[in-house]
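Hello,

Here is the structure for you to look over. My notes follow below it.

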Amino acid sequence: MACSCGFYAWSIPAVDPNKFREIGKTNFTRIVPMPNTHKWTCIQQTREDAMESMMMIDAIQRLGIDHHFEEEIEAVLQKQYMKSSIHGDCDEDLYEVALRFRLLRQEGYTVPADVLNNFKNKEGKFKQNLREDIRGLMGLYEASQLSIGEDILEEAGNFSSLLLNACLQHLDRHQAAVVKNTLEHPHHKSLARFMTKNFLTDFQGTNGWINALQELAKIDFNMVKSVHQKEMLQISKWWKDLGLTEELKFARDQPLKWYMWPMAIIPDPRLSEQRIELTKPISLIYIIDDIFDVGGTLDELTLFTEAVNRWDLSAFKELPEYMKMCFKTLDDITNEISTKVHKEHKWNPVGSLRKAWASLCNAFLVEAKWFASGHVPKAEEYLKNGAVSSGVHVVLVHLFFLLGHGITKENVDLVDDFPGIISSTATILRLWDDLGSAKDENQDGHDGSYVECYLKEHRGSSVENARQIVAHMISDMWKRLNKECLSPNPFSTSFTKGSLNIARMVPLMYSYDDQQCLPGLEEHMKSLLLENLPYRNTQKINE
């Protein structure tokens, strides 16, 4: 099959660099503080060229620097949304239509997928001449990831992935790598900051604003790395001072790994305090999971769960010392976070936080009883409980209050009740976890899995078939999550993106190799916390 080579989704048409260098002549100017206290004028954008604006937004988001341009991005997208709502999307360029659709929908705009019908023939199939438009096919594949269940996006994903995979053998090494990266790591299902280095490699061009964005991304990457290093030091000190590892010899001792969750969930460097606070309940989720999985007897676990439900420290008198210590830590963390939230946002979340912890322990106990009795539940029953035992609800309830956006009685009741934006993310995590090819970090306990339950329920079905069903279920949960994130949505953008980011982080956290390690996660840890990105003198960029 013949393939066009000038296809990069980020290859920008030639633009006069002076258009973006003249300070003060446009409305898209940002001043970013530098480590040496100097100021650097990074970027200016005209809003007259819709395509150019959208390509710039795409690059900014992929480079993980969109927190510098929130108002400007919103203004451009609002204009694009109004235009498409009034006039429809009659553009004939596949890449432009797909890009506009994706940028709008990923920001919560309710835009119809039937804009892609313009690229179908009379038989209702995507036109075959599109096979030459590799950039357009990449944009189409990226857009298909925003599906909420539409048939046309399902067709778009299948059509584009088939042609892009077939095209790989006809491309040079770099071009093939770009296409392969798109297929394996579509933007909507990836963590931008984790992919920054890859995108910098692929992000090519001679335009002035491309260079400016690249340099800003490198500087921002290094600055944010310093923020994360300081946060990690605080977390390490907090964890060491707790002393839980001395009492709970069987439990995991991985504060760096646990901190990677908040790094992914709320990447905005301005939310440092929230990342530190969110790491604390996440750490306790892992510790309590280990208590239920390998630490306690069933009788002890039952008493522990009853005590958490009553939130009664005196109920722990008959329990082992490590359980008393664990609950004391849980109580302290819950009270500390509740006090901070009440002080900053005038709402005491202690009832919601305790309720979330009780639900988690109840779900853990159900699994412990199944294992103790040798009972294998129905797959649906397992998954319903497993979504709760994933810990996602606990994390997102804490995130909701730590962010402090939209705290009303109605929204608190909603977040307490395990809404779709939480349950879909939790189900994605549970199913991904169950697909893991290795035991979780040498833990000797047994959590069961959806695959195991499915095979017992469907005699004669193969493991491979069961795994394919799980993969399909994960895809369906992503569509449900996409729908939950569309406007109108009672939750803030930060909370919505936090839920999405958990789902995006899941593959990194549960893709074990044969040595029961997480090579992908370990590589990102090294990159995000230890390595610098070299950048040029900022004065030269503006000359």
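W311 is buried (under 20% relative accessible area, where exposed is over 50% and partly exposed is in between, with a 1.4 Å probe and protein chains only), because its relative accessible area is 11%. The model is predicted, so local features need pLDDT of at least 70 and side-chain atom pairs count only at pLDDT 80 or more, while totals for chains, interfaces and linings use all residues. Residues are numbered from 1 along each chain as its sequence is written, and side-chain values use heavy atoms, leaving out hydrogens and water.

W311 is not a glycine, yet its phi is positive, about 50 degrees. W311 sits in the loop between helix 13 and helix 14. Helices here are DSSP runs of H or I with at least four residues, numbered from the N terminus.

Helix 13 spans residues 298-310 and helix 14 spans residues 321-345. Their axes are 12 Å apart and the packing angle is about 25 degrees. Axes are lines fitted to C-alpha atoms over the stretch in contact, and angles run from 0 to 180 degrees between N-to-C directions. Helix 13 and helix 14 are therefore roughly parallel (angles under 35 degrees; over 145 is roughly antiparallel, 65 to 115 roughly perpendicular, the rest oblique). Their crossing is right-handed (the near helix is turned clockwise from the far one by less than a right angle; anticlockwise is left-handed). Helix 13 makes the contact (heavy atoms within 4.5 Å) through E300, L301, F304 and V308, and helix 14 through Y322, M323, C326 and F327. By class, this contact has seven nonpolar residues, no polar and one charged. Ala, Val, Leu, Ile, Met, Phe, Trp, Tyr, Cys and Pro count as nonpolar, Asp, Glu, Lys and Arg as charged, and the others, Gly among them, as polar.

Now the second pair. Helix 17 (residues 392-403) and helix 19 have axes that come within 9 Å and cross at roughly 140 degrees. That makes helix 17 oblique to helix 19. This crossing is right-handed. V392, H393 and L396 of helix 17 meet I422, T425, A426 and L429 of helix 19. The residues of the contact of helix 17 with helix 19 divide into five nonpolar, two polar and no charged.

F418 lies in the loop between helix 18 (409-416) and helix 19. F418 is another non-glycine with a positive phi, about 60 degrees. Its relative accessibility is 23%, so F418 counts as partly exposed.

In helix 16 (residues 379-389), the buried residues are A379, Y382, L383, N385, G386, A387 and S389. They pack against helix 15 (350-373), helix 19 (420-435), helix 20 (450-457) and helix 21 (463-484). After helix 16 comes G391, with a positive phi near 85 degrees.

The peptide bond from S487 to P488 is cis, with omega near -5 degrees. P488 is in the loop between helix 21 and helix 22 (493-509).

Which residues touch the most other members of the largest nonpolar core? They are M260, W261, F304, W357 and F495, in a core of 162 residues. Such a core is a set of buried Ala, Val, Leu, Ile, Met, Phe, Trp, Tyr and Cys residues joined through side-chain atoms within 4.5 Å. Leaving aside neighbours within four places in sequence, F495 contacts L396, L399, F400, L403, V415, I421 and I422.

Best wishes

Technical notes. Helices (H or I, at least four residues) and strands (E, at least two) are DSSP runs, numbered from the N terminus.
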